[in-house]
Amino acid sequence: MLQVKLLEMPLTELEENINAELYDNPALETASPDDMMSEDRDERMEDREETFEEQNEREERADALDNALENIGRDDEMPLSYSYENDPNADYEQIVYGDTVSFYDKLKEQMGEIDLSPIQQNVMEYLIGSLDDDGLLRKDIETITDELAIYHNIDVTEQEVEETLKQLQQFDPPGIGARSLQECLLLQIDRLQNELKASEEHSSVHDTIGRKELLELMRKVIKHHFDEFKKKHWNKIQNAMGLSDIQVETLQNEIRRLNPKPGASLGEAEGRNIQQITPDFIVDTADDGSVSFYLNSGNVPELKVSPSFTEMVNTYKNNREGMSRQAKEALLYAKEKVEKAQGFIEAVKQRRHTLYITMKAIIDWQRRYFQDGDEADLKPMILKDIAEKTGLDISTVSRVSNVKYAQTRWGTFPLRHFFSDGYMTEDGEEMSTRKIKVALKELISKEEKSKPLSDDALAAAMKEQGFPIARRTVAKYREQMGIPVARLRRS
């Protein structure tokens, strides 16, 4: 069903789908004749068709590198990056939303393979959330340090953030977490050099020496001659380094193998490249606490049915008798296209309406959180709650909440971030499991590292703070957050 299909799409995919529909259906037009989407339709379709052709990987990376070089120094044209915290309520989300592994999820999986303190984990998660679509870090360390202190009450030095970033830069794919194209390429060369050292005992001496010299030349080009490199002044590089023509050609070919956009090689789920975050909702919180929002229209134009096709259909209705067979076929074709265009326009409108009432219900339910940004203020809220509030089916709310993002004053989050199941205390009070986990995580982060608290001690301390949960519940939530038992936390 078309309405269901459009509802599941994030904004960027909707834009592509509308472009394709505009191309396929001549009865569908943009409402404004000056709209760039209408003028560039043929050009866009050529680009869209090219994506279905199998292209050589080296050529793709060469083109990407050229584009990246052209954009150096034009930070205002770089894509914005949005950050969001890791949702500890993973078990619940997997049941509701299925197993969707994203760009960020794959990096966070690698976090579990290294030893990090609770504070380092928080910093690492924030760094991962701050990466842009290319997998690069556009924010400077000072800004990240300030944001951690202001928005997340995490007091760390710039050096500590820098050290955590260096650990992130060891993750796969090589180049992830770089702060510039130059650093991105150097990180990949470093990885190749390290891999060569590890494989020296399995390679011939001749092959190892040749490869080692080539990698060192690549490093010198990127590190010491990057200005000439980005301007493609290879003649200057050749003269400065005393290279032969064959060496220059070899260097060019090898550098083209490097990936200027390491993030693009991570995480495609269900055929969607979901690391490219474009918020579907923009939520604004005023200083007086009032909360408003609007739908992000992106490059989606207003659509209308072509007047000329409508006129043809009316002609058919008024002059059905005495028409030639050829004329009837032409007018039946126009009628089919007009009906399809009308159905598509209605489906787009219905999508907009459904998204609006769903987001409004979420904000009404979680207003306290949108006012102060404190994750502990997120109330228990499941799909059924929003379905009942909006009158929509649970499946419809699920489709809206999946792969949709909201940009807030406190960061950009997937809609599923605002959902959380509840915990019923012995007194009949319902608490958000997320609020309990936040309190538990903070309690563990402040414990004496030489004498970490057992689960029984944590349960007692949580009860004192107003969270009367059992020891087994403490153990369950601790495991869901990836926090080890007391004896493994001792340092």
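Does glutamate 158 count as buried, partly exposed or exposed, and at what relative accessibility? Select glutamate 158 to begin. The model on screen is a predicted one. Glutamate 158 has 42% relative accessibility, so this residue counts as partly exposed, since buried means under 20% and exposed means over 50%. Glutamate 158 sits in helix α10, which covers residues 158-168.

Together, Asp140, Glu142, Asp146 and Glu158 make up a negative surface patch.

**Stop two: a cis peptide bond**

Next, select aspartate 172 and proline 173. The peptide bond that joins aspartate 172 and proline 173 is cis, with omega at about 0°. Most residues other than glycine have a negative phi, and most peptide bonds are trans. Proline 173 belongs to the loop between α10 and α11.

**Stop three: salt bridges**

How many salt bridges does the structure hold? There are 21 salt bridges in the structure. This stop visits some of them.

Select arginine 219 and aspartate 190. Their side chains form a salt bridge, with an N to O distance of 2.0 Å. Arginine 219 is part of helix α12 (residues 205-224) and aspartate 190 is part of helix α11 (residues 181-198), so the pair ties together parts that are 29 residues apart in sequence. Arginine 219 has 16% relative accessibility and therefore counts as buried. Aspartate 190, with a relative accessible area of 25%, is partly exposed.

The side chains of glutamate 254 and arginine 211 meet in a salt bridge of 3.2 Å, N to O. Because glutamate 254 lies in helix α15 (residues 245-256) and arginine 211 in helix α12, this pair ties together parts that are 43 residues apart in sequence. Glutamate 254 is buried, its relative accessible area being 15%. Arginine 211 is partly exposed, at a relative accessible area of 29%.

Now go to arginine 478 and aspartate 455. These two form a salt bridge, and their closest N and O atoms are 3.0 Å apart. Arginine 478 is in helix α23 (residues 471-480) and aspartate 455 is in helix α22 (residues 455-464), so the pair links distant parts of the chain, 23 residues apart. Arginine 478, at 4% relative accessibility, counts as buried. Aspartate 455 also counts as buried, at 13% relative accessibility.

To end this stop, select Asp132, Asp134 and Arg138. Salt bridges with shared partners join Asp132, Asp134 and Arg138 into one network.

**Stop four: aromatic rings**

How many aromatic pairs does a search of the whole structure find? The search finds eight aromatic pairs. Select phenylalanine 370 and phenylalanine 418. Their ring centres are 5.0 Å apart and their planes are at 45°, so this pair is tilted. Phenylalanine 370 lies in helix α18 (residues 367-372) and phenylalanine 418 in the loop between β6 (411-414) and β7 (422-424), so the pair ties together parts that are 48 residues apart in sequence. Phenylalanine 370 and phenylalanine 418 are both buried.

Phenylalanine 413 is buried, as is phenylalanine 418.

**Last stop: lysine 232**

Select lysine 232, in the loop between α13 (226-230) and α14 (234-241). Lysine 232 has a relative accessible area of 48%, so this residue is partly exposed. Lysine 232 is not a glycine, yet its phi is positive, at about 60°. Lysine 232 and glutamine 252 are 20 residues apart in sequence, and their C-alpha atoms are 10.0 Å apart in space.

Notes:
Residues are numbered from 1 along each chain as its sequence is written. This is a predicted model: local features need pLDDT of at least 70, side-chain atom pairs count only at pLDDT 80 or more; totals for chains, interfaces and linings use all residues. Side-chain values use heavy atoms; hydrogens and water are left out. Patches are made of residues with over 30% relative accessible area and no salt bridge: like charges are joined within 9 Å, nonpolar side chains (Val, Leu, Ile, Met, Phe, Trp, Tyr) within 5 Å. Accessible areas come from the Shrake-Rupley method with a 1.4 Å probe; for residues, only the protein chains shown count as cover. A salt bridge is a side-chain nitrogen of Lys or Arg within 4 Å of a carboxyl oxygen of Asp or Glu. Lys and Arg count as positive and Asp and Glu as negative; His and the chain ends are not counted. The place of a charge is taken as NZ of Lys, CZ of Arg, CG of Asp or CD of Glu. Helices (H or I, at least four residues) and strands (E, at least two) are DSSP runs, numbered from the N terminus. Buried means under 20% relative accessible area, exposed over 50%, partly exposed in between (1.4 Å probe, protein chains only). Rings of Phe, Tyr and Trp (its six-membered ring) pair if their centres lie within 6.5 Å; planes under 30 degrees apart count as stacked, over 60 as edge-to-face and the rest as tilted.
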